[in-house]
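Work through the exercises below on the disulfides of this predicted model. Each task is followed by its solution.

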Amino acid sequence: MRFAPLIICLAAISLAAPTNFLDGAYDWNDELAEFYGKVSQYINTAKHNIRASSCDASKIAMPSYASGMTSPSGLKPRYVALGRGTQNYTCADSTSKSAPVAVGAVARLYNATCIAANYPDLLAKLPNLAYRISLSTNEYASFPPANIDMMGHHFFFDATTPEFNLNTTPKKQDGIVMTKKGGAIDAPSGSVSGKYGAVPWLYLTTTDGTVGNYKSVYRVNTASGSPPKTCKGMQPTFEVQYAANYYFFGE
């Protein structure tokens with residue numbers, strides 16, 4: 001029966017709750033309660049839906065708010081990743097006369113493709129939960145609260161080139177995506193702001209050095225990551241925790 005993979009996936013998410021809660025991986029809160037409540041509902045639905053698909057990437061659609069950026073016309077969704085890491089900044093001095101300057105980001109990427117294909121409402125909530133959760137010291141461990149597997153790393157190749165390395169292990173070689181900024185829109189009202197605000201949603205296009213049939217990447221559902229408005233009281237270099245969903249499109 002085709003619904004079995006969905007139940008397995010959802011069961012793994014459900015089992016993450018008591019396990020990580022008891023391990024102190026994160027604090028229980030209303031958002032987590034709502035998240036696992038939806039997981040429970042979907043498990044019951046999947047048990048009785050013999051036509052449910054397992055992981056059909058063609059079903060993936062970006063949030064409607066992202067229509068404010070360039071649409072991936074003619075391209076196909078390849079993967080969706082939950083990104084969890086830091087936005088990095090520098091300050092010329094520690095006074096209110098200086099403003100923080102963005103100097104890239106560093107994040108781990110976790111494969112949320114199947115969640116995106118089948119449960120987009122759960123996917124949209126993941127960054128709001130994830131940015132509060134500390135990364136495991138085990139770099140390749142799955143990530144709560146959805147127990148999703150490590151997919152790759154995001155960092156900056158140089159000052160203007162965001163890179164997504166999806167070659168995590170010798171057996172998982174999904175390519176390298178080199179990009180440049182193509183557009184941006186402010187995070188929608190209601191986004192989880194953290195201390196200073198949610199970073200914008202981005203449209204990235206691929207550049208030379210890309211390995212694999214990738215054409216564009218979208219950063220959406222951002223949570224936190226923005227710097228303070230001025231450098232008053234800040235260190236010369238500092239990080240702001242963030243999380244976001246990244247959609248990868250290709251031909």
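**Exercise 1.** Number the bonded cysteines of the protein in sequence order and state the pairing.

Solution. A disulfide is taken as a pair of cysteine sulfur atoms within 2.5 Å. Searching the whole structure gives two disulfides. One joins Cys-55 to Cys-114, with an S to S distance of 2.2 Å. In the other, the sulfur atoms of Cys-91 and Cys-231 are 2.1 Å apart. The pairing is therefore 1-3, 2-4.

Residues are numbered from 1 along each chain as its sequence is written. In this predicted model local features need pLDDT of at least 70 and side-chain atom pairs pLDDT 80 or more, while totals for chains, interfaces and linings use all residues; side-chain values use heavy atoms, without hydrogens and water.

**Exercise 2.** Describe the link between Cys-55 and Cys-114: where do its ends lie, and what is its handedness?

Solution. The torsion about the S-S bond is about -105 degrees, so this disulfide is left-handed. Cys-55 sits in the loop between α2 (30-47) and β1 (76-90), and Cys-114 in helix α3 (residues 113-118), 59 residues apart. Helices (H or I, at least four residues) and strands (E, at least two) are DSSP runs, numbered from the N terminus.

**Exercise 3.** Are Cys-91 and Cys-231 buried or exposed?

Solution. Buried means under 20% relative accessible area, exposed over 50%, and partly exposed in between (1.4 Å probe, protein chains only). Cys-91 has 8% relative accessibility, so Cys-91 is buried. Cys-231, at 0%, is buried.
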